[in-house]
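Please look over the fold of this protein chain and then one residue in it. A short report is wanted.

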Amino acid sequence: QVQLEESGGGSVQAGGSLRLSCAASGRTFSTNAMGWFRQAPGKEREFVTAITWSWGITRYADSVKGRFTVSRDKAKNTMYLQMNSLKPEDTAVYYCAAVPTSYRGSAYYTQVYEYDYWGQGTQVTVSS
């Protein structure tokens with residue numbers, strides 16, 4: 001059983017920064033990749049970024065490229081999201097997720113259905 005717990009959300013003014021963390025726990029945690037998604041009120045959950053666990057290959061949504069940086073610490077089973085130059089449109093609940101090692105689909109990891117494990121989410125609010 002894999003459990004994911006996000007932390008680091010909060011409120012910030014436009015142009016500010018926040019750093020989110022996602023700690024994974026479980027008897028023997030292993031994953032193909034981890035990702036961050038976000039969901040604003042009245043909108044569908046959308047892909048933000050993903051990182052492959054072994055090689056650290058990253059992928060970003062166009063809306064966050066150049067502003068957000070994903071990283072992971074394999075020794076701590078933790079993924080991070082550094083968010084800079086935040087905009088009001090970044091306001092959402094941010095979820096971390098993990099792809100099971102049994103997954104044999106595409107290696108893009110941008111779709112919700114590719115992820116089996118989800119955290120409870122952390123609120124990020126950016127005011128103008």
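The model is predicted.

**The chain**

The protein chain has zero helices and eleven strands. From the N terminus on, its elements run β-β-β-β-β-β-β-β-β-β-β. The radius of gyration is 14 Å, close to the 14 Å of the globule rule for 128 residues, so the chain is as compact as a globular protein of that length.

Overall values for the protein chain are set out here.

| Property | Value |
|---|---|
| Box of the C-alpha atoms along the principal axes | roughly 45 × 25 × 25 Å |
| Residues that count as buried | 42% of 128 residues |
| Accessible surface | about 6,900 Å² |
| Share of that surface from carbon and sulfur atoms | 44% |

Contacts also span the sequence. Among those between residues at least 6 apart, 56% join residues at least 24 apart. As for charge, the protein chain carries 13 positive and 10 negative side chains. The centres of these two sets lie 6 Å apart.

**Val 124**

Val 124 sits in strand β11, which covers residues 122–127. Is Val 124 buried or exposed? Its relative accessibility is 0%, so Val 124 counts as buried; the cut-off for buried is under 20%.

Which residues does Val 124 contact, leaving aside its neighbours within four places in sequence? They are Gly 9, Gly 10, Leu 18, Leu 20, Met 83, Asp 90, Thr 91, Ala 92 and Tyr 94.

Met 79 is 45 residues from Val 124 along the chain. The C-alpha atoms of Met 79 and Val 124 are separated by 17 Å.

Methods. Residues numbered from 1 in each chain as written. Predicted model: local features only at pLDDT ≥ 70, side-chain atom pairs only at ≥ 80, totals over all residues. Heavy atoms only, no water. Helix = DSSP H or I, 4+ residues; strand = E, 2+ residues; numbered from the N terminus. Rg over C-alpha atoms; globule rule 2.2 N^0.38 Å. Buried < 20%, exposed > 50% of the residue type's maximum accessible area, 1.4 Å probe, protein only. Contact = heavy atoms within 4.5 Å. Areas by Shrake-Rupley, 256 points an atom, 1.4 Å probe, with all protein chains shown as cover. Lys, Arg positive; Asp, Glu negative; His and termini not counted. Charge placed at Lys NZ, Arg CZ, Asp CG, Glu CD.
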